[in-house]
Every structure is written in structure tokens, then in C-alpha cells.
Amino acid sequence: LWNVGLDYLHGTGHGVGSYLNVHEGPQSISPKAVEAAAIEAGMILSDEPGYYEDGEFGIRIENLVLVVPASTKHNCKGKGFLTFEALTLVPMQQKLIDVSLLTATELEWLNHYHAMCRDKVGQELEKQGKQGVLEWLKRETSVMTKA
């Protein structure tokens with residue numbers, strides 16, 4: 001969105017708490033965060049980018065992620081870097097995705113995420129003998145390519 005001068009004007013994510021409070025902090029990824037704590041490995045956050053046009057439409061994708069140490073080529077001054085590991089493994093609706101608008105990096109990320117959904121959830125579906133649901137999962141997580 002920033003590449004075309006747009007923003008979604010809401011937080012990207014927040015803590016998910018142990019007290020059943022959906023917006024539990026103190027960690028937050030938001031321009032409105034007040035006294036937000038530093039994000040640390042082991043925290044669970046929501047990751048919910050979206051975009052809204054007032055009075056027109058809106059879209060938001062929401063997942064839960066675990067904060068984990070990142071494996072990087074360099075480690076500037078030994079400080080280390082963090083990344084997110086997806087916890088919520090639900091396929092994104094392919095018929096709503098215009099692949100022509102995705103960069104190569106975005107398409108690679110999407111296909112990797114779908115492969116992870118297929119592998120991890122698929123194993124459990126096989127174990128439970130849910131063949132019909134497994135076939136649906138395979139269809140919904142098939143590799144997407146640019147035409």
C-alpha cells in the first residue's frame with residue numbers, strides 16, 4: 001500500500017492474551033500504541049493488515065503469529081533479529097486473489113504459506129481420515145502462478 005501512497009489507518013497487530021482479552025498487550029504493532037512493550041521472542045501477536053475505503057469496501061486478513069528469532073546472514077552488533085511464524089493455518093481464498101498484482105516475493109510467500117497449510121493441516125486430516133476435507137485443502141492450497 002505504501003508503494004502507491006495508501007495506508008490502512010489501523011494497527012497491524014496486538015497481543016493475544018492469557019486472560020481471554022483479544023487485544024491484550026502490552027505488545028502492539030500500531031501507530032496508536034500507548035506504552036507498548038518491545039516485541040520479544042515467544043510472544044504471540046495478531047497480524048492483521050487490511051485496507052478500507054470509507055463507505056465503499058474493506059478487506060482484512062488476520063492470523064496469529066509466534067515471534068521467533070530470525071536466521072539472517074549477518075547479525076549487526078549481536079543484537080539479533082526476530083520474525084513471525086504462522087500459527088493460524090487457514091488457506092487464503094484463491095478466487096479473491098488477483099495474482100497479476102502480486103510481486104514475485106509476495107507470490108512466493110503466498111505459495112509457501114499455502115504449502116505449510118497443506119503439509120501441517122493435511123497430516124492431521126489424514127490421521128483423522130477426513131479425505132473429503134483433505135481434497136478441499138489440496139485444491140485451496142494449490143500453487144498459484146502468474147499467467
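1. Asn63 has its place in strand 6, strands being DSSP runs of E with at least two residues and helices DSSP runs of H or I with at least four, both numbered from the N terminus. Asn63 is buried, with a relative accessible area of 11%, where buried means under 20% relative accessible area, exposed over 50% and partly exposed in between, with a 1.4 Å probe and protein chains only. Not counting residues up to four places away in sequence, Asn63 touches Leu45, Ser46, Asp47, Thr88, Met92 and Tyr113, contact being heavy atoms within 4.5 Å.

2. A word on the basis of these values. This is a predicted model, in which local features need pLDDT of at least 70 and side-chain atom pairs count only at pLDDT 80 or more, while totals for chains, interfaces and linings use all residues. Residues are numbered from 1 along each chain as its sequence is written, and side-chain values use heavy atoms, with hydrogens and water left out.

3. One of the residues touched by Asn63 is Thr88, which lies in the loop between strand 7 and helix 1. Thr88 counts as partly exposed, at 23% relative accessibility. Residues up to four places away in sequence aside, Thr88 touches Asn63, Leu64 and Tyr113. From Leu9, Thr88 is 79 residues away in sequence and 24 Å away in space, C-alpha to C-alpha.

4. Val67 is also placed in strand 6, and Val67 is buried, with a relative accessible area of 1%. Once its neighbours within four places in sequence are left aside, Val67 is in contact with Ile39, Glu40, Ala41, Gly42, Met43, Leu45, Leu82, Thr83 and Phe84. Between Val67 and Glu56, which are eleven residues apart in sequence, the C-alpha to C-alpha separation is 34 Å.

5. A separation of eleven residues along the chain also holds for Ala37 and Pro26, whose C-alpha atoms are separated by 5.3 Å. Ala37 is found in the loop between strand 2 (28–29) and strand 3 (44–47), where Ala37 counts as partly exposed at 28% relative accessibility. Apart from neighbours within four places in sequence, Ala37 is in contact with Pro26 and Gln27.

6. For the chain as a whole, there are two helices and seven strands, and from the N terminus on the elements run β-β-β-β-β-β-β-α-α. Of the 147 residues of the protein chain, 27% count as buried. Among contacts with a separation of 6 or more, residues 24 or more positions apart account for 44%. The C-alpha trace spans about 50 × 40 × 40 Å along its principal axes.

7. Which residues of helix 2 (residues 131–140) are buried? They are Leu134, Leu137 and Glu140. Seen down the axis of helix 2, these buried residues fall within an arc of 130°, so they line one face of the helix; the arc is that of the directions from the helix axis to the C-beta atoms. An α-helix has 3.6 residues a turn, so residues three or four places apart point the same way. The buried residues of helix 2 pack against helix 1, whereas Gly132 and Arg139 are exposed on the other side of helix 2.

8. The largest pocket has a volume of about 1900 Å³. On a 1 Å grid over the protein atoms alone, a pocket is an open set of points where a 1.4 Å probe fits, with protein on both sides within 12 Å along at least five of seven lines, and lining residues have an atom within 4 Å of a point. Grid points are joined across faces, edges and corners, and the volume is the space filled by probe spheres set on the points. The lining comprises 44 residues, of which Pro49, Gly50, Ile61, Leu102 and Glu106 lie nearest the centre of the pocket. Helix 1 gives the largest share of this lining, seven residues.

9. Phi of Lys77 is near 55°, a positive value in a residue other than glycine. Most residues other than glycine have a negative phi. Lys77 counts as exposed, at 83% relative accessibility.

10. How many disulfides does the model have? The count comes to zero, a disulfide being a pair of cysteine sulfur atoms within 2.5 Å. Cys76 is partly exposed, with a relative accessible area of 43%, whereas Cys117 counts as buried at 0% relative accessibility.
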